[in-house]
Amino acid sequence: MTYLERMKEKIEKIRKQEIVRILAIESSCDETSVAVVVNGRKVLSNIISSQIEIHRHFGGVVPEVASRNHILNIIPLVEQALTSAKLTFDEIDAIAVTQGAGLVGALLVGLTTAKALSYALDKPLIAVNHIKGHIAANYIAFPELTPPFMCLITSGGHTAIVNVDDYNHFKLIGTTQDDAIGEAYDKVARVLGLEYPGGVKVDKMSQGVEPKIHFVHNDTLSKSYNVSYSGLKTAVINYVHKLLQNGEELDVPQICASFQHEAVDMLTQKVLRACKEYKQDKLVLAGGVAANSYLRSSLTEKCKELGIKLYFPPIEFCTDNAAMIGSVAYYQLLKEEPADLNISALPTIEL
Ligand code: KG4
Ligand code: ZN
């Protein structure tokens with residue numbers, strides 16, 4: 001019997017179990033994380049080692065540096081995740097891993113580790129899409145949350161409005177045509193001299209500031225569900241360069257607040273329109289930028305007016321973590337076949 005045939009048999013047995021424990025690995029960008037998750041909802045451990053301090057020196061994530069640090073971190077994190085869950089490898093049912101999207105070298109570290117564990121322990125391998133992971137972070141945070149719902153994904157690498165019909169069924173309604181919203185935050189922060197990762201700094205600088213600058217004057221995408229952040233980002237960068245060339249002082253909080261309002265408002269009106277068109281009365285936020293205070297407060301207010309129930313995960317589940325990968329893997333395991341050992345990392349994958 002081949003490895004894959006054996007895993008298919010095992011997965012059928014696991015589906016009948018009342019308790020399914022998944023060890024999940026995430027290494028798509030600059031966080032190495034390993035978690036143990038029960039039945040897709042209960043987190044027994046979720047250990048995260050962030051490389052933010054390392055990449056801060058370079059003003060952004062350096063892919064090769066990220067891969068090398070994942071290699072240093074991954075095995076100790078697997079051990080810590082098991083110890084903290086008070087489990088042994090024998091008590092784990094399957095191994096889950098982020099297959100994409102992300103930095104190829106970084107993904108390969110997690111993927112190779114997961115394949116080795118799967119083969120050595122003879123336990124099924126579940127390959128997970130990172131974007132689905134961000135959505136699933138909400139299943140962990142809100143035990144009562146079940147599909148269908150509308151989801152707004154805003155992270156460093158993705159911006160998407162997704163109609164979630166079921167745990168395994170998604171419809172992409174709108175996306176970015178160029179930069180992701182988090183990427184735009186980070187680039188604007190950089191030109192303003194704020195440290196990486198800039199999103200949280202721009203958010204803090206904007207607190208209590210009334211926005212006055214208009215960067216984008218005509219939004220050609222206003223009628224569609226798609227967005228573009230490249231134009232807004234370039235407008236802010238040009239504005240800053242012009243002031244600097246003229247020897248004028250920068251009003252950093254004002255630039256931050258004005259950029260933040262335009263970046264967020266563009267998305268909030270579209271996602272609310274999508275809720276109406278798709279008749280969804282639940283809206284779920286996901287991804288690193290879901291930590292943004294203005295995005296949260298403006299949607300809280302608007303959803304209240306429209307009778308839409310809004311969910312946003314606690315900050316630790318907004319950014320990258322392995323628990324969210326373990327959650328997706330559980331629902332995938334119930335319906336789909338396990339992965340084979342020859343799968344590749346997928347730096348760019350759609351939902
Ligand atoms: O989801 P995530 O950890 O990584 C990806 O999968 O891409 O998101 C990281 C992104 C970064 O761009 C960071 O600047 C942004 O989330 N971010 C924020 C805030 N906190 C993190 N952006 C705006 N406001 C925040 N409070
Ligand atoms: Zn992410």
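Predicted model: local features only at pLDDT ≥ 70, side-chain atom pairs only at ≥ 80, totals over all residues.
One of the oxygen atoms of ligand 1 sits 3.2 Å from an N or O atom in the side chain of Asp 320. His 134 does something along those lines: an N or O atom of its side chain is 3.2 Å from an oxygen atom of ligand 1. With Asn 292, look for a nitrogen atom of the ligand instead, which lies 2.9 Å from a polar atom of that side chain. How much of ligand 1 does the protein cover? On its own the ligand has 560 Å² of accessible area, and the protein covers 88% of that.

Asn 292 turns up again when you ask who comes nearest. There are 19 residues around ligand 1, and the nearest are Gly 156, Gly 157, Asp 186, Asp 203 and Asn 292.

Now move over to the sheet. Strands of a sheet pair through backbone hydrogen bonds, either parallel or antiparallel. Here five strands make an open sheet with mixed pairing, and the order across it is β3-β2-β1-β4-β5. Why do β3 (42-50) and β5 (125-129) each have one side without a neighbour in the sheet? They stand at the edges, so each has just a single partner strand. From one strand to the next, the twist averages 20°.

Zoom in on the β3 end. Strand β2 (residues 31-38) and β3 run antiparallel, and eight bridges join them. To see one of these pairings, find Val 36: its bridge partner in β3 is Ser 45.

Helix α3 (residues 63-85) lies across β1 (21-26), β2 and β3, and runs at about 25° to β2.

Conventions:
Residues numbered from 1 in each chain as written. Chains lettered and ligands numbered in written order. Heavy atoms only, no water. Pairing = 2+ DSSP bridges. Helix = DSSP H or I, 4+ residues; strand = E, 2+ residues; numbered from the N terminus. Axes fitted to C-alpha atoms, helices over the stretch in contact; angles between N-to-C directions. Contact = heavy atoms within 4.5 Å. Near = heavy atom within 4 Å. Polar contact = N/O pair within 3.5 Å; in protein donor to acceptor, adjacent residues only side chain to side chain. Areas by Shrake-Rupley, 256 points an atom, 1.4 Å probe, with all protein chains shown as cover.
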